[in-house]
Amino acid sequence: SVYKAQLPSGKVVALKKLHHLEGEQPAYDKSFRNEARVLPELRHRNIVKLYGFCLHKRCMFLVYEYMDRGSLFCVLRNEVEALELDWIQRVNVVKGIANALSYMHHDCTPPLIHRDISSNNILLNSQLKACVADFGTSRLLDPDSSNQTIMVGTFGYVAPEFAYTMVVTEKCDVYSFGVVALEIIMGKHPGELLSSLSSPNAQHVMLKDVLDPRLPPPVNQLVLQNVVLVVMLALTCIHPNPKSRPTMQHMSLEFLVRKPPLVTPLHAMTMWHLMNK
């Protein structure tokens, strides 16, 4: 269970408590201890901060920074809050997640793989800044190991190859990031879109029909350019072949590169065109 708590100083924090019955289950206990071990080593503005923890066998809890708006999953599914998350904010959320994963994969030694990137594990603060959370199943990549593992992650976000190789790599997180990026742009999980893009009808899927219909279509050229960039990058991340997926460092840097003006208007853009651009 997660509680909102106020410290004597007045600071508001989030407290995740492991109840007695949960603590008796090895998976819960391992996840809790893993998070307490991993999070204190991470320093990034888009990764949730862990202020402290207690791992006594009779009382286990973790103390995090409080993220006012809760999970991205809940915000996207709330009709009022989803409107507040306009196109500029949504692009910024995608950038924040990309920057956090780039840091974990390329600035941590050894690289840290999250293994459960989903909209439920992205938290938003009062300014709608995104932070990656829930490192209970995260794993450091061992260069001297096969990195085989048990099946973890959230259904609908797990890279397809993981189911049969059971080998964890950075490209597993890249795939999950692609799914979340599309979810942010669509306002819902992109499961149906992923199915349609692998069918013969993929050439007829229009970008304008994919965008979250609760928001007015982006008319500002720079905003539209960034939304198109997010969709293009997300599509490269969900490539069936993990070797064809980009790195998260590449994703992060793409947002810093100035792009030429769009030639095709929004109403004429197809997902097929963006996939093969």
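Residues are numbered from 1 along each chain as its sequence is written, and side-chain values use heavy atoms, with hydrogens and water left out. As the model is predicted, local features need pLDDT of at least 70 and side-chain atom pairs count only at pLDDT 80 or more, while totals for chains, interfaces and linings use all residues.

The chain is assigned domain 1 (2-65) and domain 2 (70-276), with bounds that come from an automatic or database domain assignment. Helices (H or I, at least four residues) and strands (E, at least two) are DSSP runs, numbered from the N terminus, and two strands are said to pair if DSSP finds at least two bridges between them.

An open sheet of 4 strands has the order β1-β2-β4-β3, with antiparallel pairing. At its edges stand β1 (2-6) and β3, each with a single partner strand, so one side of each is left without a neighbour in the sheet. On average, and with direction ignored, neighbouring strands of this sheet are turned by 25 degrees against each other, where axes are lines fitted to C-alpha atoms (for helices over the stretch in contact) and angles run from 0 to 180 degrees between N-to-C directions. Between β2 and β4 the antiparallel pairing extends over 6 bridges, and Leu-18 has Met-60 in β4 as its bridge partner. Helix α2 packs on the sheet, touching β2, β3 and β4, and its direction makes about 45 degrees with that of β4; contact here means heavy atoms within 4.5 Å.

Strand β3 (residues 50-56) and strand β4 (residues 59-65) are likewise paired in the antiparallel sense, over 6 bridges. These two strands, β3 and β4, form a hairpin with 2 residues between them, and Gly-52 stands opposite Val-63 in β4.

A salt bridge is defined as a side-chain nitrogen of Lys or Arg within 4 Å of a carboxyl oxygen of Asp or Glu, and by this rule the count comes to 11 salt bridges. One of them joins the side chains of Lys-16 and Glu-35 (3.4 Å, N to O). This pair links distant parts of the chain, since Lys-16 lies in strand β2 (residues 12-18) and Glu-35 in helix α2, 19 residues apart.

A further open sheet, of 3 strands, has the order β5-β7-β8 and antiparallel pairing. Its edges are formed by β5 (70-71) and β8 (130-132), each with a single partner strand, so one side of each is left without a neighbour in the sheet. Strand β5 is joined to the antiparallel strand β7 (residues 122-124) by 2 bridges, and Ser-71 has Leu-123 in β7 as its bridge partner. Helix α5 (residues 87-106) lies across β7 and β8, running at about 30 degrees to β8.

The centres of domain 1 and domain 2, taken over C-alpha atoms, are separated by 27 Å, and 16 residues of domain 1 are in contact with 18 residues of domain 2. The area buried between the two domains is about 1,300 Å², of which carbon and sulfur atoms give 57%; buried area is the accessible area (1.4 Å probe) that two parts lose on being put together, summed over both. To the side of domain 1 that touches domain 2, helix α2 (residues 26-38) gives the most, with 5 residues. Between domain 1 and domain 2 the count is 0 salt bridges.
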